[in-house]
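Open the model in your viewer and keep the sequence panel beside it. This tour goes stop by stop, telling you what to select and what is there.

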Amino acid sequence: MFLASDPGLRADCRRPGGRFAVFSAWSSPALDHLTSRGKSVLTEFKLRYNPALDGLRGIAIVLVLLSHAHVPLFDGAFLGVDLFFVLSGYLITSLLLIEWHTEGRLDYWRFYRRRFFRLMPALALFLAAYVLFAPLFWPDLDDIYQDALVSLLYLADYGIAFFDSPDTLLHMWSLAVEEHFYLIWPPLLALLVRKAAPGKLWRTILLLWLLAWAWRIFWVFQGQQFYEIFFRFDTRATGLLAGSLLAALLHERTGFAEAIQSRLHHLMWLPLAIPLLMSLGWDNQDAMLWGITVVECAAIVILVAVQRQGLVYDMLTAPALVQLGRLSYGIYLWHYPVVRYLRAEFSWPVVLVLGLAISAALAALSFYTVERWALRWRDAPRKERPASLPAHARQAMR
C-alpha cells in the first residue's frame, strides 16, 4: 500500500540501476522475449521515481478521511482504500518481476525483511501510543490490549469480519489484507512464472482476478452480511490482483501502455465515474457487486495515464498531494482514532480539517524519527551497522 512512500526506494530510484526502485514501465522497454531457451529476460530498463504515484496515494488517503469523518455526499469514499490496493499490487509485483528477470530467482528473506522494516516500526509505535493513551480518551473501553494484539498480528481483517475485533482500531483491516498478500504472493508469483508460457503470465493473473471477483460475488448471493465480505482478505484480494495484472501486462506486452494511451479519451470516463460511486453507502451490496470493480479498473487506467506527462500527471504531482502520499502510511495509521474521537464532539468540517492536521503531524513525527531509523537498518549492508554506510547512501536517506 505504501511502497512508493518509502524514502529508501525513492533514493534508489534516483540512482541508475537502483535495484528496489519503483518501476516505470513506460520510461523504457520492459521485456524482450528471446527465442533462445524459451525464456524472457529484462534486457534494458530504467527505474525512476514517479511522483504521480504518491499523488494518487494522496487522493486515496483523502477519500478515506472523507469517509471516516462522515462528510455528507461521500458515503462511498470508503472505496478509496481500493486505490491503495491496486497501487500496492502493481508496485510489489513490478519489483518482484524485475528481481526474477534480473537474478533468476526471488530472495524471499530480503523481501520480507524489507517489508518488516518499512511497516512494523511505525505500526508498533502507533499501537504503543494507542495502548498508552486510549484509556484516557475512552475510559470505558475494555478491549484495548486485545485490539492492539490482533492489529499487531495482522489478523484484523478476519477479526472484524467474524469476531467484531478490533473496534476502535477498525482501520487495521486493510493492513492485514495487504500483509496476507505480502506473505502469499511472492512464492505464488514465482510458481506462476515458472509454469506460465513466455509472455503469458498476465493471462494467469487475469484468471486469478476473475476468480477472486467471482468468489466475492458468491458470498453476496449466499446472503452473507456486508461487513463480513468487506473486510476479509479472500474477498478483497481483487484490487491487489488488478495491480499485479497491470504490472505483468506492462512487463510482458511492451505495446500495452501505448494501446491504452491511444484510447485514453474513452477510458478516462472510468476515473470520472468514481464521484458517482460516492452514493454507494455502507451496507450497499452494489459496492461489492460492481463498485469495487469500477474503482479497480479506474485505478488501472490512471496508472497507465501517468506514465507520460499530461493533464492527469500534472494534477497528481501537485506538491500537496505528493506530500500527503509520502506520509500516507502514517496518516492512515493515526487518523482513525483521531477522527473517531473528534467526531463525537465536533461537526464534520472540524473533524476533517483538524483530523487531517493532527494525523499528518503525528505521521511526520513518526516518519522522520522511527521510520527513518528503521530504513537505515533495512538498507544497511547485511553485516554492517547503519553508521558504516557510505556517505552518499547516508545522504540519500536524510
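In which hand does α3 pass α4? The crossing is right-handed (right-handed if the near helix is turned clockwise from the far one by less than a right angle, left-handed if anticlockwise). Hold that view for a moment while we set the ground rules.

This is a predicted model, in which local features need pLDDT of at least 70 and side-chain atom pairs count only at pLDDT 80 or more, while totals for chains, interfaces and linings use all residues. Residues are numbered from 1 along each chain as its sequence is written, and side-chain values use heavy atoms, with hydrogens and water left out.

**The whole chain**

Show the whole protein chain as a cartoon. Its secondary structure comes to 20 helices and 2 strands. Helices (H or I, at least four residues) and strands (E, at least two) are DSSP runs, numbered from the N terminus. The chain has 398 residues, and 57% of them are buried (buried means under 20% relative accessible area, exposed over 50%, partly exposed in between, with a 1.4 Å probe and protein chains only). Contacts come next, meaning heavy atoms within 4.5 Å. Of the chain's contacts with a separation of 6 or more, 73% are between residues 24 or more positions apart.

**Stop 1: α3 and α4**

Select α3 (80–103) and α4 (108–137). Their axes come within 12 Å and cross at roughly 150°. Axes are lines fitted to C-alpha atoms, for helices over the stretch in contact, and angles run from 0 to 180 degrees between N-to-C directions. The angle therefore makes α3 roughly antiparallel to α4 (under 35 degrees counts as roughly parallel, over 145 as roughly antiparallel, 65 to 115 as roughly perpendicular and the rest as oblique). Show side chains: I92, L96, E99 and E103 in α3 meet R110, F111 and R115 in α4. By class, this contact has 3 nonpolar, no polar and 4 charged residues. Ala, Val, Leu, Ile, Met, Phe, Trp, Tyr, Cys and Pro count as nonpolar, Asp, Glu, Lys and Arg as charged, and the others, Gly among them, as polar.

**Stop 2**

**Stop 3: α4 and α19**

Go back to α4 and bring in α19 (residues 348–379). The two pack at about 155°, with axes 9 Å apart. So α4 is roughly antiparallel to α19. Here, too, the crossing is right-handed. The α4 side of the contact includes R113, R114 and F117, and the α19 side includes E371, W377 and R378. The classes here are 8 nonpolar, 1 polar and 7 charged.

Zoom in on R114, in α4. Is R114 buried or exposed? It is buried, with a relative accessible area of 11%.

**Stop 4: the loop between α2 and α3**

Select H70, in the loop between α2 and α3. H70 is exposed, at 52% relative accessible area. Leaving aside neighbours within four places in sequence, H70 is in contact with R343 and W348. L352 is 282 residues away along the chain, and its C-alpha atom is 8.7 Å from that of H70.

Step along to L73, which sits in the loop between α2 and α3. L73 is exposed, at 74%. Its phi is near 70°, a positive value.

**Stop 5: backbone exceptions**

Most residues other than glycine have a negative phi, and most peptide bonds are trans. Select Y154, in the loop between α5 and α6. Its phi is positive, about 55°. Y154 counts as buried, at 11% relative accessibility.

Finish at P166, in the loop between α6 and α7. A cis peptide bond joins S165 and P166, with omega about 5°.
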